[in-house]
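Q: Could you take me through the labels given to this protein, and set each value against the definition behind it?
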Amino acid sequence: MKPTTATLLAIRPTRCLSAPTSRRCAFRSRSFATQGGHRASDSLGSKRRGVTPFNDDGYVPWSELSAGEKTARATQQTFNFGLVLVGLALTGAVGYFLWTDVFAPDSKISQFNRAVDKIKKDARCIEVLGDAKKIIAHGEETTNKWRRARPVASSERVDQQGNEHLLMHFHVDGPKQNGVAQLHMVRRRGEPDYEYKSLFLDVKGHERIYLENVHVPSSGGKKQLSLFGVKW
């Protein structure tokens with residue numbers, strides 16, 4: 001059965017009335033969702049973890065920090081900067097110690113090594129101690145079995161004229177016998193290099209062997225050569 005014209009006219013107003021209602025419902029739903037999203041974001045922002053000197057990772061911008069949080073961040077950064085300065089100071093102190101005591105040409109270790117080389121090259125010392133390749137020099141006797149760990153006894157002093165004196169003694173062991181070496185060096189006031197005042201080796205049962213002795217005049221009056229902070 002086909003619908004009549006009156007029936008169609010009766011149906012059309014119903015459709016027209018229902019369409020605006022659905023649009024209004026959809027608009028209200030979208031408006032509610034938007035407002036709900038803003039409220040959720042506001043609630044998340046309000047629940048941000050407070051910044052303290054112990055948990056600040058720099059993620060929160062400075063402009064969003066409160067006065068107390070800004071103080072906490074400044075405290076943390078000041079502490080970190082202080083740690084960096086302390087680390088630099090310690091590094092500089094260690095570097096200065098290594099240079100002055102180990103690597104510098106006039107350091108104690110350098111003077112010790114040069115004195116040992118003189119002993120190993122001296123024919124009189126080789127005759128008493130034995131093969132130069134087997135001669136070992138070390139510091140004071142300790143309970144440590146490793147010879148390299150034995151400290152070399154040394155001292156430094158300045159006399160009334162302003163001259164610097166370096167005194168050192170160490171043990172020298174050879175295949176035949178053992179001995180004790182004494183070293184005395186002087187750096188005169190205003191001079192950059194040390195000079196040998198005395199270097200000798202004492203071996204039990206033998207006369208003292210002088211490798212350097214300022215009281216003995218040098219032959220020919222030749223001018224001393226300065227090398228590695230030492231006048232030869």
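A: Let us start with a residue in a helix: Gln76 is found in helix H2 (residues 67–103), where helices (H or I, at least four residues) and strands (E, at least two) are DSSP runs numbered from the N terminus. This is a predicted model, in which local features need pLDDT of at least 70 and side-chain atom pairs count only at pLDDT 80 or more, while totals for chains, interfaces and linings use all residues. Residues are numbered from 1 along each chain as its sequence is written, and side-chain values use heavy atoms, with hydrogens and water left out.

Q: Why is Gln76 called buried?
A: Buried means under 20% relative accessible area, exposed over 50%, and partly exposed in between, with a 1.4 Å probe and protein chains only. Gln76 has a relative accessible area of 17%, so it counts as buried. Leaving aside neighbours within four places in sequence, Gln76 is in contact (heavy atoms within 4.5 Å) with Pro53 and Asp56.

Q: What makes Phe81 exposed or buried?
A: Phe81 also belongs to helix H2, but its relative accessibility is 54%, and it therefore counts as exposed. Together with Val84, Leu85 and Leu88, Phe81 makes a nonpolar surface patch of about 410 Å². Patches are made of residues with over 30% relative accessible area and no salt bridge, like charges being joined within 9 Å and nonpolar side chains (Val, Leu, Ile, Met, Phe, Trp, Tyr) within 5 Å; a salt bridge is a side-chain nitrogen of Lys or Arg within 4 Å of a carboxyl oxygen of Asp or Glu. The areas come from the Shrake-Rupley method with a 1.4 Å probe, and for residues only the protein chains shown count as cover.

Q: How do you know which class Pro175 falls into, and where is Pro175 placed?
A: Pro175 has a relative accessible area of 47%, so it is partly exposed. Its place is in the loop between strand E3 (164–173) and strand E4 (178–187).

Q: What makes a set of residues the largest nonpolar core here?
A: A nonpolar core is a set of buried Ala, Val, Leu, Ile, Met, Phe, Trp, Tyr and Cys residues joined through side-chain atoms within 4.5 Å. The largest such core has 22 residues, and those with the most contacts inside it are Ile119, Cys125, Leu129, Phe170, Val172, Leu183 and Leu201. Helix H3 (108–121), helix H4 (123–129), E3, E4, E5 and E6 each supply at least two residues of this core, and E5 gives the most, with 5 residues.

Q: Why is strand E5 described as largely enclosed?
A: In strand E5 (residues 194–203), 8 of the 10 residues are buried, so the strand is largely enclosed by the rest of the structure.

Q: How do you know which strands pair with E5?
A: Two strands pair if DSSP finds at least two bridges between them. E4 and E5 pair in the antiparallel sense over 8 bridges, with Val186 standing opposite Glu195 in E5. E5 is also joined to strand E6 (residues 209–213) by 4 bridges, again running antiparallel, and the bridge partner of Phe200 in E6 is Tyr210. The hairpin of E5 and E6 has 5 residues between the strands, and Gly205 in the turn has a positive phi of about 90°.
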